[in-house]
Amino acid sequence: MQVIKRDGKSVDFDQEKIRVAIGKANNEVTRKDKATKEEIENIIEYIQELNKRRILVEDIQDIIEEKLMEFGRYNLARKYITYRYTRALVR
């Protein structure tokens with residue numbers, strides 16, 4: 001699967017980037033609000049099972065937010081959303 005970045009470049013899907021991003025958000029919440037490794041892997045599998053040839057990085061981030069909320073990780077989703085927003089401001 002190819003990921004279309006904000007600058008229009010196309011790169012290979014890298015599931016480690018999802019682990020890192022959620023891991024950073026996990027570091028900002030209490031223990032009970034953290035996503036488990038199983039939940040993170042579930043998100044990655046869900047994205048891969050979409051079987052898309054190309055996907056926008058923003059769409060991947062939206063999916064991550066939705067899945068975190070489905071798992072009841074609302075505080076974590078909020079931290080992830082806030083991180084996305086602040087990164088967008090930096091750009």
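Glu 45 lies in helix α2. The model is a predicted one, and helix α2 is where confidence is highest, at a mean pLDDT of 97. Glu 45 counts as partly exposed, because its relative accessibility is 44% and that class runs between the 20% limit for buried and the 50% limit for exposed. Between Glu 45 and Lys 34 there are 19 Å from C-alpha to C-alpha, for a separation of 11 residues in sequence.

Over the protein the mean pLDDT is 92, with 95% of the residues at 70 or more. Helix α4 has the lowest confidence, at a mean of 80.

Helix α2 has 13 residues, and its first and last C-alpha atoms are 18 Å apart, close to the expected 18 Å at 1.5 Å a residue. Which residues of α2 are buried? They are Glu 39, Ile 40, Ile 43, Ile 44 and Ile 47. Seen down the axis of α2, these buried residues fall within an arc of 140°, so they line one face of the helix. An α-helix has 3.6 residues a turn, so residues three or four places apart point the same way. On the other side of α2, the exposed residues are Lys 37, Glu 38 and Glu 49. The cover over the buried residues of α2 includes α1 and α3.

Asn 51 follows α2 and sits in the loop between α2 and β3 (54-56). Its phi is near 55°, which is a positive value in a residue other than glycine. Asn 51 counts as exposed because its relative accessibility is 65%, and the cut-off for exposed is over 50%.

Helix α1 is one of the elements that cover α2. In α1, the buried residues are Ile 18, Ile 22, Ala 25 and Asn 26. Viewed down the axis of α1, the buried residues fall within an arc of 105°, so they line one face of the helix. The N-terminal end of α1 is capped by Asp 14, which has a side-chain oxygen 3.0 Å from the backbone nitrogen of Glu 16.

The largest nonpolar core has 20 residues, and the members that touch the most others are Ile 18, Ile 22, Ile 47, Ile 60, Ile 64, Leu 68 and Leu 76. The elements that give two or more residues to this core are α1 (15-26), α2 (37-49), α3 (57-70) and α4 (74-90). Which helix gives the most to this core? Helix α3 does, with five residues. Ile 22 shows how the parts meet: leaving out residues up to four places away in sequence, Ile 22 touches Ala 35, Ile 40, Ile 43, Ile 64 and Leu 76.

Helix α3 has 14 residues, which should span 20 Å at 1.5 Å a residue, and its end C-alpha atoms are 20 Å apart, which agrees. The buried residues of α3 are Val 57, Ile 60, Gln 61, Ile 63, Ile 64, Glu 65, Lys 67 and Leu 68. Glu 65 is found in this helix. Why is Glu 65 classed as buried? Glu 65 is buried because its relative accessible area is 14%, and the cut-off is under 20%. Apart from neighbours within four places in sequence, Glu 65 is in contact with Ala 77, Tyr 80, Ile 81 and Arg 84.

Met 69 also lies in helix α3. Met 69 is partly exposed, with a relative accessible area of 33%. Not counting residues up to four places away in sequence, Met 69 touches Tyr 74 and Ala 77. Met 69 and Gln 2 are 67 residues apart along the chain, and their C-alpha atoms are separated by 25 Å. Just after α3, Gly 72 takes a positive phi of about 80°.

Arg 78 counts as exposed because its relative accessibility is 52%, against the cut-off of over 50%. Arg 78 and Thr 30 are 48 residues apart along the chain, with 13 Å between their C-alpha atoms.

How values were computed
Residues are numbered from 1 along each chain as its sequence is written. Side-chain values use heavy atoms; hydrogens and water are left out. A nonpolar core is a set of buried Ala, Val, Leu, Ile, Met, Phe, Trp, Tyr and Cys residues joined through side-chain atoms within 4.5 Å. Buried means under 20% relative accessible area, exposed over 50%, partly exposed in between (1.4 Å probe, protein chains only). Helices (H or I, at least four residues) and strands (E, at least two) are DSSP runs, numbered from the N terminus. Contact means heavy atoms within 4.5 Å. The expected span of a helix is 1.5 Å times one less than its number of residues. pLDDT is the predictor's confidence in each residue, from 0 to 100. The arc is that of the directions from the helix axis to the C-beta atoms. A polar contact is a pair of N or O atoms within 3.5 Å; within protein, one must be able to donate a hydrogen and the other to accept it, and residues adjacent in sequence count only if both atoms are side-chain atoms.
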